Amino acid sequence: MTRLVIVSNRVGVPDSGTRAGGLEVAIRPTLKRRGGMWFGWSGRITDEDPGPPKTSVHDKVSYVTVGLRKDDYEEFYNGFANRVLWPILHYRLDLAEFTRRDLGGYFRVNEYFASNLDKLLRPDDVIWVHDYHLMPLAKALRARGHQNKIGFFLHIPCPPPEILTALPNHEQLIPTLGQYDVVGFQTEVDATNICRYFVNECEFRRVGEETFDIDGRTVKVGAYPVGVETEVFARLARRAIETAFVREVLDSLSGRAMIIGVDRLDYSKGIPERMNAFERFLANYPDWRGKVTYLQITPRSRSSIPEYADIGRIVGEAVGRINGAYGEASWTPVRYINKAHSRTALAGLYRAARAALVTPLRDGMNLVAKEYVAAQNPDDPGVLILSRFAGAAQECTAALLVNPYDPEGVGQAINRALAMPLEERQRRHAHNFRVLSRNDLSHWAERFLTTLEGSDTGGAVAQPQGRAAAGR
Ligand code: F6P
């Protein structure tokens, strides 16, 4: 088998304390099964040149990481990736803070990744690049002569061209996706959006519904909804609910129902809107007061970016307002915690919760929604309340689907979830669980890699054509 090389900004090096979030959850099992190399940022930020890459080997996987200089970190990670691409790809043009300096830093770090990879790659490696930090990486590798099969997967949403074209200099960046052999997205909507961009802005030659001939290379676009390890997580949750930690949490509820929310502290997750909805629920359904506790677990994230500090303040104020208005000496309506919890602790809490509130304003997929479904006891399952704007809503169609911008509607859904008869809960859960078992994590990775490995590398490098093609 050819060697698999994964490239992403974060790398989950075992036992190193580094953390890659949802992306790590998705990648690690595939690498564990196939072996290979995982290349990316070490998480270190240095004043001087960070020096050569560091390699460590665990099982069959080599983890190769590089440091970032302070200005790279500011311009590439905090700047262009997280203050421009992140908001724009989440449909939040109002929050994007574009500077040409940051765009320069973004391309510079992609070149830096490519020049380090250049020395490590073998001609038959299959390269799988992940997420918005590294869109132009294939172009930088091709410029160094690499003809390998290179795939790209975007973990976050891809908006329509009407939004993408509001990104200053989009024509330098987005068409570089045409240098990959396979470009994968979470949903069909995302895939359709990039196809429209390719046709309207780049005039790439469409040779199939989602296939393009770009510079003599066949480029396939497709939807590959990322899954979770459904059966493994279900087993973990069965064990986790018996742990001392989960028992202690349940005891502290004194028999009250628990609703759970778990999100990074990020404006895309719709946490203030969700707080408003819970407040509406308490106002409109007074019988539930004192009988339900909402646990919101929200580790801080990207804290040096002002928009993230703002969202932290807004959520903190909302929690204080609700607890002040509705709380009793013996009951706190909202428990709000900024600490990250282990996978086992979360699995147990999910299983113990009567409902989950997963109401992002926009989300590529949302693995919390899928893990909540996987964790339930099929005989007495809890109810998933899910934003229609999360990619997971395409598969978890038996969840209570809500509009996160409508606090009255979400409040109603909370009441409906808590009052839902057992038979309906079982039916909805069984449906979602079946779907998630069919498309679990290994299925996602195998589908993507089979398409990539079967792709035609073409090899010819032709002349650019079309309006935005100059950026390829
Ligand atoms: O795809 C979005 C993502 O990369 C997830 O994998 C992860 O949950 C999150 O963003 C991590 O963000 P950061 O690397 O900026 O901490």
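Predicted model: local features only at pLDDT ≥ 70, side-chain atom pairs only at ≥ 80, totals over all residues.
I take helices (H or I, at least four residues) and strands (E, at least two) as DSSP runs, numbered from the N terminus. Residues are numbered from 1 along each chain as its sequence is written, and side-chain values use heavy atoms, with hydrogens and water left out.

**Entry 1: the ligand shell**

I sorted the shell by class. Ala, Val, Leu, Ile, Met, Phe, Trp, Tyr, Cys and Pro count as nonpolar, Asp, Glu, Lys and Arg as charged, and the others, Gly among them, as polar.

**Entry 2: atom pairs at the ligand**

I checked polar contacts (pairs of N or O atoms within 3.5 Å). Arg-10 places a polar side-chain atom 2.8 Å from a ligand oxygen. Leu-23 uses a polar backbone atom, also 2.8 Å from an oxygen of the ligand. For Tyr-77, a side-chain N or O atom is 2.5 Å from a ligand oxygen. I also noted the cover: the ligand taken alone exposes 390 Å², and the protein buries 90% of that. The areas come from the Shrake-Rupley method with a 1.4 Å probe.

**Entry 3: the largest cavity**

I searched for cavities (sets of points on a 1 Å grid over the protein atoms alone, where a 1.4 Å probe fits but cannot get out; lining residues have an atom within 4 Å of a point). I found 2 cavities of 30 Å³ or more. The largest holds about 90 Å³ of space. Its lining has 13 residues, with Gly-382, Val-383, Leu-384, His-429 and Asn-432 closest to the centre. α13 (367-375), β15 (383-387) and α15 (422-438) each give two or more residues to that lining. α15 gives the most, 4 residues. By class, I count 7 nonpolar, 4 polar and 2 charged residues in the lining.

**Entry 4: the second largest cavity**

I read its volume as about 50 Å³. Its lining includes Leu-89, Met-135, Phe-152, Cys-158 and Ile-194. Which classes make up this lining? I get 10 nonpolar residues, no polar and no charged.

Note on methods
Polar contact = N/O pair within 3.5 Å; in protein donor to acceptor, adjacent residues only side chain to side chain. 1 Å grid on protein atoms, 1.4 Å probe; cavity = no way out; pocket = protein on both sides within 12 Å on 5 of 7 lines; lining within 4 Å. Points joined across faces, edges and corners; volume = space filled by probe spheres on them.
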